[in-house]
2 protein chains.
Amino acid sequence: MTVPHVDDVHPAWLPPEAFRALGARRVLVLADASEVAETVRAEVADACARHGGAVAAPGEPYDLVLALTSDGSLPAAAQAVKGPEPGAEGFLLARSGGVTVVLADQPAGLLYGFFAVVRLGEAAFEGDRPAETHRPALARRMLDHWDNIGVHPVMGQVERGYSGGSIFWHDGVLHEDLTRVRAYARLLAATGVNAVAVNNVNVHATEARLLTDRLGEVAALAAEFRAYGIRVHLSVTFASPIVLGGLETANPVEEDVRAWWARTTERVYETIPDFGGYVVKADSEGQPGPFAYGRDHADGANMLADALAPHGGVVHWRAFVYNHRQDWRDRKTDRARAAHDHFSPLDGRFRDNAILQVKYGPIDFQTREPISPVIAAMPATKLAVELQVTQEYTGQQRHVCYLAPMWSEVLGFRFWGPGERAVADVTTSGGLVAVSNVGDDPYWTGHPLAQANLYAFGRLAWNPGLDPAAILDEWIGLTFPKGGEGLRETLHGMMDGSWRTYERYTAPLGVGFMVRPGHHYGPDVDGYEYTPWGTYHFADRDGVGVDRTRSTGTGYTGQYPAPWSQVYESRAECPDELLLFFHHVPYEHVLQSGTTVIQHIYDTHFAGAEEAAEIRALWAKLEGDDVVDPALYARVRERLDEQVRSAEEWRDQINTYFFRKSGVPDAHGRTIH
Amino acid sequence: MTVPHVDDVHPAWLPPEAFRALGARRVLVLADASEVAETVRAEVADACARHGGAVAAPGEPYDLVLALTSDGSLPAAAQAVKGPEPGAEGFLLARSGGVTVVLADQPAGLLYGFFAVVRLGEAAFEGDRPAETHRPALARRMLDHWDNIGVHPVMGQVERGYSGGSIFWHDGVLHEDLTRVRAYARLLAATGVNAVAVNNVNVHATEARLLTDRLGEVAALAAEFRAYGIRVHLSVTFASPIVLGGLETANPVEEDVRAWWARTTERVYETIPDFGGYVVKADSEGQPGPFAYGRDHADGANMLADALAPHGGVVHWRAFVYNHRQDWRDRKTDRARAAHDHFSPLDGRFRDNAILQVKYGPIDFQTREPISPVIAAMPATKLAVELQVTQEYTGQQRHVCYLAPMWSEVLGFRFWGPGERAVADVTTSGGLVAVSNVGDDPYWTGHPLAQANLYAFGRLAWNPGLDPAAILDEWIGLTFPKGGEGLRETLHGMMDGSWRTYERYTAPLGVGFMVRPGHHYGPDVDGYEYTPWGTYHFADRDGVGVDRTRSTGTGYTGQYPAPWSQVYESRAECPDELLLFFHHVPYEHVLQSGTTVIQHIYDTHFAGAEEAAEIRALWAKLEGDDVVDPALYARVRERLDEQVRSAEEWRDQINTYFFRKSGVPDAHGRTIH
C-alpha cells in the first residue's frame, strides 16, 4: 500500500500541508495486518517522511499512538484511556502526558481516528484532552455515482454530473490507472464515508452487465476503495433476469427469478467478498419494476434482500416512485404524495437488510422542499435519506452554493415537534446517501468550492449535529493551508450563506421547479407547467402556489404527523419559505415576515442577485494573493462571472414573469423589464 | 435509361395507373438523343408496355406526338400547332383531328409536356384543344435538402426532417442503390421542379467535404437527377477556404481566397458540367460569414458568384441573418427587422448570378407571418422566396396541414396594393425554393398526406396562379386512382382547410413561436419568451402582442411600402390574422371580426381542436374501404390520433395560459383548465 498522490489533480482537503502537524511527530502504530491497518501505517509513514517526523518502533518514544484495543502490546498511555467502547467504526481520542492516543476496536476506527488527528492539526498535540469517544451517528454513509460506462450524447457520461467524465470509466472501459479512484477513496475516508455505489441508478444496457460479465471492473474498483474502509455497491436493473439471464420474466415471486438472483449474487460475493449490495430504481421514470407483475415494492426489494442476506449485503431500494406521465389538467394527482402513498402501506414488510432510500423532499432535490413525510411514516423500516451533493437544481457547480446548511436542516427536522426525534435519529440504522459531485475534472468537482459540499456531506453523515459553519471553516483550513484568517473570512463570507442566496434569486417560497426542462439550469417559470412531470406552480393573474391542504387541496399535508400536519395546513402558520409548496395564495397575501408575496418575490430576487455580485467581489479581492493558486483563482472567477450573469437572469425573468402576471409594481420602483 | 420503380416505396402521385390514359395510346416521340429526351422515350415505352399502347415509329399512326420543334420530321399535325414560343422549359399543348400534340423547343419542355399529358389523363385525348403555351413562371423551382451525411444524436440525419433518414446518404456513405433518388427526381420533374440542393445549409465538417474530396458523391446524385432535368446544387460553408483549403482566412476580398474558390469551382464543373451552384447560410445562427472580416454580404455572395459565373452557376445566398444572441430584456432589437436592415442597403450590389434567398416571412417559417419586406425592397437584386415543405412549425408531418393555400397567399401578396405586382412577379428571375419534406420513409414524407405539399410546391412554383384547391384535387386524382368522387370529397374535406385549422389551434393572430424550444413541436407559450432567439409575445395580464409600429414600437412597419406600411401600422386596419405580429393590444380589443382578442383565442382553439377531430372522423369513414391501401390507412389513422391529441393539448394550454393571464372567462362557459 502506498498513499495515492495524483499529479495534476487538486488535492482537495488533503494537501501535504494538512499532514504537517502529525507528520512532524513520532508516531507509533499498533495494529493488525489488515488492509485498512496497513493503510494507516502507510499514511503515517507518508506524512512522517514528508514532514520530518518518524514512525516509532515499539519501545521508542512517541508523540502519538494509534492502536487497536486488541493489540497485545498496548502501552500504558493507551491503557490509561477510558471511555465508551468505540465499536466497529469509532475511536477514542485522548491526550495526556504529552502523548496523543487514538484507540479503536477495528482498523476502520483507527483510520477515522488518524484523519481526526489530521483535522485537528497542531491542536491534537497541545495540552491535555480528556478521552472522547467518536462514533458515526449513521450506520451507512454512502455516495452514489450516477456514472455510466458510455457517454450519452446529451446527458454526458455522468448523469447530472457537472465535473467532466467519470473517474471510473473512460472510452467504454475502466480507467487503466485507478490511482485516482484510490485518491478519491482517501478523500472520502477522511470525511467518514464508508460506501460508494459506482454506477447510475438508471441502468442502461452496457452498465447492466457490471453485475455479470463485467463484474471484474467492479472488483477492481472495490480493491481501490477497500484500502480506505469503503465498500462498493452496484446499481442493478430490476429486469436483470431478463436482460442478463435470458429469463422471460423478472417477477419477484417466480422461483427461477429468485434462483437467478441468488446464483448471480453468490458469484458477486465470490469475486468481491466485502461487496456492499445493490441499489435499485424500480418503477420510476421508465425503469422496470415489480408493478409490471402486479407485485409491490416490498416484494421486489425483499427478493434482492434475500439474495444478499447470506453474504451480509444490503439492498438500497429507492422510494422515488411517481407517475411521470401525469396530465397537467388533472388537478387531483399530486406527485408530492406519491412516495408516501406507495410506500407507507408497506411499512413492516421489508427485510432487515432492505433499506428504503428516500429523497429528502417529496419532489426532487429542489432548493427548498419540506422533508419527505415517508421518513416519518415507516417506523418498522430501515430508512436512508438521499441528498444531492451534485448541484442539479442548485447551480450545477457553476454557482457557489454551500449545501450543508440545507442538509443540517433536513437532518435536524423533527416530525413530531420540538424535543422529539429528528430525521437523523430515525435513520441511524439506514444511513445517509448522496449523489456524488465528482468527475475527472482537475478540481474533482468543476467548481473548486463545490469540494466543500462533498466534504461536508461526509462530516454530517458521521455527525449530523455538527455546525455547517464549523464544517466550512474546517474545510477551508484543510484545503487552503497557506490562507490565514483573512482567507477564512473571505471564503466563509462567500459560502456560508450561499444556499440561501441561491434560494433568493431562484424559485420563491418553496414553489420549486421553475427551471429549464431537461438540463435544469437557469430559469423557465412555465418550463414544466404544462408537462407530464407533475411539477406545477399554477401561477395566474391573482396568485401562485400549490394547494396541498386537506381542506381544499390534494391532502398532502395529511401525510405529516402532528404538529406539522396542522402547521403546513394553516396558511397563517406555514413557514414562509414553504408557503407556495403548500398553499395557493394571492399575490397580496402577507407573509409572516410582514411583506406581501409579490413584494417578497421582488425583494428576494433583487437581494439574491446583489448577493451573488458581492460573492464575486469578495473573491476578486484575492486576485494576485499568493494564498490561492492562480489557476484555481481563475477557475472560480470564471464560474462567479457566470453565477452573477445567471443570478441576474433569474432575477429578471422571475420578476418580469410575476409582474406581467400580477400587475403589481415593485414598491421600491426598481427595474422590472 | 429505365424508368425507376422502387419496391416497397409508395409511388406517390405517379402510380402505374396514372399513366393509363397515355399508356393505352399510340405515341410518337420525335426528339434528339439528349439524356432528357431519352427519359421521355423511356417513360413513353414504360407506360405503353404497361397499359397496352404502343410506341409509334415514324410513319405509323399515333394518338399523341411529343416532338421537339427542331425535329426535321415534324408531322403536319405538329406543324399546324401555332402559339408563343415555348422557350427553354415550356411546351405547347394542343389537340385536333384526334391527335394530341406536345411541342417543345428543348428536351426539358418535352418532359414537362409529357407529365402534363399524364396529369390530364383521358381528358388529354378528348375533343379538341386549342394550342396553349405552358411556361414556368419562375426560372428556378428548387428543393433544398437539409440532409446530413452523419446522424446528429438529437436532430437526426435530416435537420428538421420528419420522414426518416436521408434518401442520399446512409451509414456515412452514399446509398449504394440510387434508384430511389432517380424515382424522387421523377416525382419532382412531374411537378416541374428543376433544381435540388442536396445537403444541409448548416454545413458540418463531414458535409463540407462534398465540395472537394467527396465531390464524387454529388456527381453520382447529379447523374440521377439529370435524367429528369434537375440540376444539383450544393450547400457550402463560407469557411471552406480555411477548413478545406488550409488557408488562414476566408476573407472574400483576399486574392488567395478568391483564387481558391475559382479553382475549387472549376474542379466541380469538370466533374459535374451542369452543376447548379452553391447555397450559403452565412453569418447566421453560428455559421461563418463575411462579417468576421468586416465585409458585407454582397462581398461574400459576389465572391462565390464570380467563381461560378464562368460555368453558368448561381449562388443562392440566404437572407436569414439576425442576432440569435439577443437579450430578451432589450425591447429595441427586433428580429423581424434584421433581414431588411442587413440586405436592403445592398440592393444593386449583387452579381447577376447571385440570388438572394429570402424566407417568406421575417421570422422563421411560422404558420402565419406577414410577407418579408425584403422582397419588396430589392428591385435590382434577383430574389428567391424560401418556403418550408417540411412541416417544422406546422405539425411535423404528424398533423395534416396542406400548405398550398398559405404559399398561394405568399406568392399572390401585392406589396404595392391591388393591381400591382405580386411576390411571384418580383421573383420570376430568382425563383421559388423550399426545404424538402422527403426522407427514406416508405411514404416519402412520413405522413402520406404530406406528399400533397411536395406536389403542390412544384405546381405552384411552375404556375403561382394555380388554385391550391385544384392542385389538391389533381394530387388526389393521381395518387389515389382507385378512389372516385367520394374519396376526393373526403380528402378534400380533410386537407383543403387544414392549414387554417392548424393555425386556429396553435399560436393566435400571427403571434407565432409558442412552441417547445429545440424540437418546435407542441405548445409552450413561454418557451421562447425569455430566450436569446428574438421571438417574443410579451403577454401580460392586460394584453399580448409585439408592437412593431413606427409610432410606438420597433418601426418594422416602416419596412413596407404603402399601402401596407399604413395598413400594418394601424391597429384598426391591420388584418386580424396578423394583429399580434404588429401590435400589442389589450385582451378586450375588438377585432375586425367583431369578437375580442381573448374570445377569439378561446373560440379558435375550441374550433380548431374540433376540426382536427372532424378530420379524423372523415378518414375513419374510409376504414375497410378498398380505395385506400390498409397500411396507408393505418399510417394516416395513427397520425390523426396524434393530431387530435396534440390539437387538444394546444387548445388547453393556450386557453389556460391566456385565461390565467387575462382572468377573462370564456363567453360560452366551455372548460378551461
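Apart from residues within four places in sequence, A:Gly229 is in contact with A:Val36, A:Leu111, A:Tyr112 and A:Asn194. The structure described here is a predicted model. In chain A, A:Gly229 is located in the loop that runs between α7 (215-226) and β13 (231-235). The relative accessibility of A:Gly229 is 22%, so this glycine counts as partly exposed. Between A:Gly229 and A:Pro532, which are 303 residues apart along the chain, the C-alpha separation is 43 Å.

The domain assignment divides chain A into domain 1 (16-134), domain 2 (141-479) and domain 3 (503-546 + 584-662). For domain 2 and domain 3 of chain A, the C-alpha centres are 28 Å apart. Contact between these two domains of chain A involves 31 residues of domain 2 and 32 residues of domain 3. The size of an interface is often given as the accessible area lost when the parts come together. For domain 2 and domain 3 of chain A, the area buried between them is about 2,600 Å², with 57% of it on carbon and sulfur atoms. On the side of domain 2 of chain A, 24% of the area buried against domain 3 of chain A is supplied by A:Trp328, A:Arg398 and A:His399, more than by any other three residues.

Polar and charged interactions were also examined across this interface. Between domain 2 and domain 3 of chain A, 16 residue pairs are in polar contact, both residues being at pLDDT 80 or more. The residues on the side of domain 2 of chain A that touches domain 3 of chain A comprise 9 nonpolar, 11 polar and 11 charged. The interface of domain 2 and domain 3 of chain A is also crossed by 2 salt bridges. A salt bridge is formed between A:Arg635 and A:Asp441, whose closest N and O atoms are 2.9 Å apart.

Side chains of opposite charge can pair when their charged atoms come close. Over all chains, the count of salt bridges is 86. In chain A, a salt bridge joins the side chains of A:Asp299 and A:Arg349, with an N to O distance of 3.1 Å. This pair links distant parts of the chain, 50 residues apart: A:Asp299 belongs to helix α10 (residues 297-308) of chain A, and A:Arg349 to the loop between α11 (338-343) and β16 (354-359) of chain A. With a relative accessibility of 36%, A:Arg349 counts as partly exposed.

In chain B, the side chains of B:Asp299 and B:Arg349 meet in a salt bridge at 3.1 Å, N to O. Distant parts of the chain are linked by this pair, with B:Asp299 in helix α10 (residues 297-308) of chain B and B:Arg349, 50 residues apart from it, in the loop between α11 (338-343) and β16 (354-359) of chain B. The relative accessible area of B:Arg349 is 36%, and B:Arg349 is therefore partly exposed.

A salt bridge in chain B is also formed by B:Arg337 and B:Asp341, with their closest N and O atoms 3.1 Å apart. B:Arg337 is partly exposed, its relative accessible area being 23%, and B:Asp341 is partly exposed at 39%. Through salt bridges that share partners, A:Asp327, A:Arg329, B:Arg651 and B:Asp652 are joined into one network.

Methods: Residues are numbered from 1 along each chain as its sequence is written. Chains are lettered from A and ligands numbered from 1 in the order in which they are written. This is a predicted model: local features need pLDDT of at least 70, side-chain atom pairs count only at pLDDT 80 or more; totals for chains, interfaces and linings use all residues. Side-chain values use heavy atoms; hydrogens and water are left out. Helices (H or I, at least four residues) and strands (E, at least two) are DSSP runs, numbered from the N terminus. Buried means under 20% relative accessible area, exposed over 50%, partly exposed in between (1.4 Å probe, protein chains only). Contact means heavy atoms within 4.5 Å. A salt bridge is a side-chain nitrogen of Lys or Arg within 4 Å of a carboxyl oxygen of Asp or Glu. Domain bounds come from an automatic or database domain assignment. Buried area is the accessible area (1.4 Å probe) that two parts lose on being put together, summed over both. A polar contact is a pair of N or O atoms within 3.5 Å; within protein, one must be able to donate a hydrogen and the other to accept it, and residues adjacent in sequence count only if both atoms are side-chain atoms. Ala, Val, Leu, Ile, Met, Phe, Trp, Tyr, Cys and Pro count as nonpolar, Asp, Glu, Lys and Arg as charged, and the others, Gly among them, as polar.
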